[in-house]
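Here are my notes for your first read of this model. Keep the structure open and check each point as you go.

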Amino acid sequence: MARRWTALPPLRTTGSRLDLEVSTVAVTTPVTEPAVEDPWRNAQRQFDAAADLLELDTGVRGFLREVQRQLIVNFPVRMDDGSIRMFEGYRVQHNLTRGPTKGGIRYHSQVTLSEVKALAMWMTWKCAVAGLPFGGAKGGVVVDPKRLSMAERERLTRRYAAEISVLIGPERDIPAPDVNTTSREMAWIMDTVSMSAGYSVPAVVTGKPLSVGGSQGRNAATGRGVAVVARLACQRLGRDPADQTVAVQGFGNAGTFAARLMAEEGFRICAVSDTGGAIHSDHGLDVAAVIEHKRRTGTVAGFPGTLDLAGGDILEAPVDILVPAALENQITARNAGRVQASLILEAANGPTTPDADEILARRGITVVPDIVANAGGVTVSYFEWVQDLQSFFWEEPEINRRLEHVMTGAFQASWDTSVRLGVPLRLGAYAVAVQRVAEATADRGIYP
Ligand code: NAD
């Protein structure tokens, strides 16, 4: 690793160990720029490429190219000061052919129906490539949850759950956490649905606390899956994890566990970021200590002994492996030419636009796509749902062993297909997934 951080300041330094660090940094595009690309169009473009490759029947293509159901809800929430505020939320089911639908719920001020539709479609392909018996769904509420008190957050969650209860249920559609939602929100949704049913309905959501039917290993599952895929990709590329430096954009559920578990696999995590900033150390970060720093201060920025960077720099960091683990549309046509990593593991959903994908492919950069790289979360959600339905719970080693098995199957099927067809890994993964959903569609037939 002879590469260095290039351009310069303004450089803000923190901590007393700065003099031990290499005083070079990269400064380029700010990461928080608004998403200019329509995620739904991008999702359809990715699907079209797979449909073309598979020479999919026109009728089936038309069916899989749209979402089956989309619900928009506008609902009131009583705020702590007694006022009533209106919120808009969505629940979208992309495809119900292979089973009930599955997908997280996102709270974010920039959630749009287009974004939720794209996320729902990606869930369909993810479940299919992982061989899970689900279709794809997603939900979202347009809200900045940081501006809500805990009581307001609970009332919003319960009311949103009641509004989308016409769609969700253990046999129909099973939500899970996504950006800015956690096991706490899942417990409230489970309770809201259970109160209306008159009995406990744990299987209506996954990612719950263990006390109400959550699964061992669910919290870490997305990151654990990323770490498995990192190891498998390195095997295929003939790389030793101990020689690999890593940058992780986004330090929430997916990012922290990916960083921690990749570090345990021997990878050197050199840079991480969140909305508060980005930090870097050539020597590698003590991930557990960064997690503790974030727990105390709310951000990774200012971690002692590191260089603070402008947020966008992390995508262009001089590392071997880049793990985008924040939001979609981060690697675009504008910055793809400056990405220095030669392997990208998409822990986030949709972080790379199709235009950027073409640039990365031309540059020989391997991208393990979201539908494979972050499938660990939905895989252990599937295990949680199965455990809830049978009221029989497994130990964590069992969960992790099964997770490894599913991730390996999804990765290998995608890699082998991409090699066989001579296409990038994303297209290989899509070919596997779309083929499976198309086959299920053909086997079921078109009703009536
Ligand atoms: P989270 O809310 O726990 O964390 C998101 C993190 O991203 C936060 O640290 C936030 O500060 C950071 N972030 C947001 N915008 C950023 C930016 N512009 N630059 C740098 N950091 C930024 O969310 P999460 O559950 O970790 O989800 C992250 C991504 O992973 C999303 O795309 C989500 O859909 C995907 N994902 C999550 C799961 C899961 O199980 N949680 C599963 C599969 C995929």
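**Notes on the model**

1. Start at Glu 55. This residue is exposed, with a relative accessible area of 70%. The scale runs as follows: buried is under 20% relative accessible area, exposed is over 50%, and partly exposed is in between, with a 1.4 Å probe and protein chains only. Glu 55 sits in the loop between helix 1 and helix 2 (58-64). Its phi is positive, about 50°, although Glu 55 is not a glycine. Helices (H or I, at least four residues) and strands (E, at least two) are DSSP runs, numbered from the N terminus.

2. A word on the source. This is a predicted model, in which local features need pLDDT of at least 70 and side-chain atom pairs count only at pLDDT 80 or more, while totals for chains, interfaces and linings use all residues. Residues are numbered from 1 along each chain as its sequence is written, and side-chain values use heavy atoms, with hydrogens and water left out.

3. Ser 391 also deserves a look. It has a positive phi of about 50° and is not a glycine. It lies in the loop between helix 11 (375-390) and helix 12. With a relative accessible area of 60%, Ser 391 is exposed.

4. Gly 364 follows helix 9, and its phi is positive, near 75°. The peptide bond from Tyr 447 to Pro 448 is cis, with omega near 0°. Pro 448 belongs to the segment after helix 13.

5. Now the interior. In soluble globular proteins, nonpolar side chains tend to be buried together. A nonpolar core here is a set of buried Ala, Val, Leu, Ile, Met, Phe, Trp, Tyr and Cys residues joined through side-chain atoms within 4.5 Å. The largest one has 89 residues, and Trp 125, Met 262, Leu 345 and Val 368 have the most contacts inside it. Helix 3 (residues 113-129) gives the largest share of this core, eleven residues. Apart from it lies another core of 22 residues, including Val 73, Met 79, Val 143 and Val 193.

6. What does Val 368 touch, not counting residues up to four places away in sequence? Its partners are Val 229, Ala 233, Leu 343, Ile 344, Leu 345, Glu 346, Ala 373, Phe 411 and Leu 425. Contact means heavy atoms within 4.5 Å.

7. Next, the rings. The structure holds ten aromatic pairs. In one of them, the rings of Phe 47 and Trp 125 have centres 5.5 Å apart and planes at 5°, so the pair is stacked. The rule: rings of Phe, Tyr and Trp (its six-membered ring) pair if their centres lie within 6.5 Å; planes under 30 degrees apart count as stacked, over 60 as edge-to-face and the rest as tilted. Phe 47 is in helix 1 and Trp 125 in helix 3, so the pair ties together parts 78 residues apart in sequence. Phe 47 counts as buried at 0% relative accessibility. Trp 125 counts as buried at 0% too. Elsewhere, Phe 134, Tyr 382, Phe 383, Trp 385 and Trp 394 form one aromatic cluster.

8. Turn to helix 9. Its buried residues are Pro 354, Ala 356, Asp 357, Ile 359 and Leu 360. What covers them includes helix 1, strand 12 (343-345), strand 13 and helix 13.

9. Helix 9 also gives the largest share of the lining of the second largest pocket, five residues. Helix 1 (39-54), helix 9 (354-362), strand 13 (366-368), helix 12 (396-421) and helix 13 (425-444) each supply at least two lining residues.

10. Gly 377 is found in helix 11 and counts as buried at 3% relative accessibility. Gly 377 touches Arg 218, Ala 221 and Thr 222, with residues up to four places away in sequence not counted. The C-alpha atoms of Gly 377 and Ala 254 are 8.6 Å apart, although 123 residues separate them along the chain. Val 201 lies in the loop between helix 5 (183-197) and helix 6 (218-237). At 11% relative accessibility, Val 201 counts as buried. Val 201 and Leu 119 are 82 residues apart in sequence and 25 Å apart in space, C-alpha to C-alpha.
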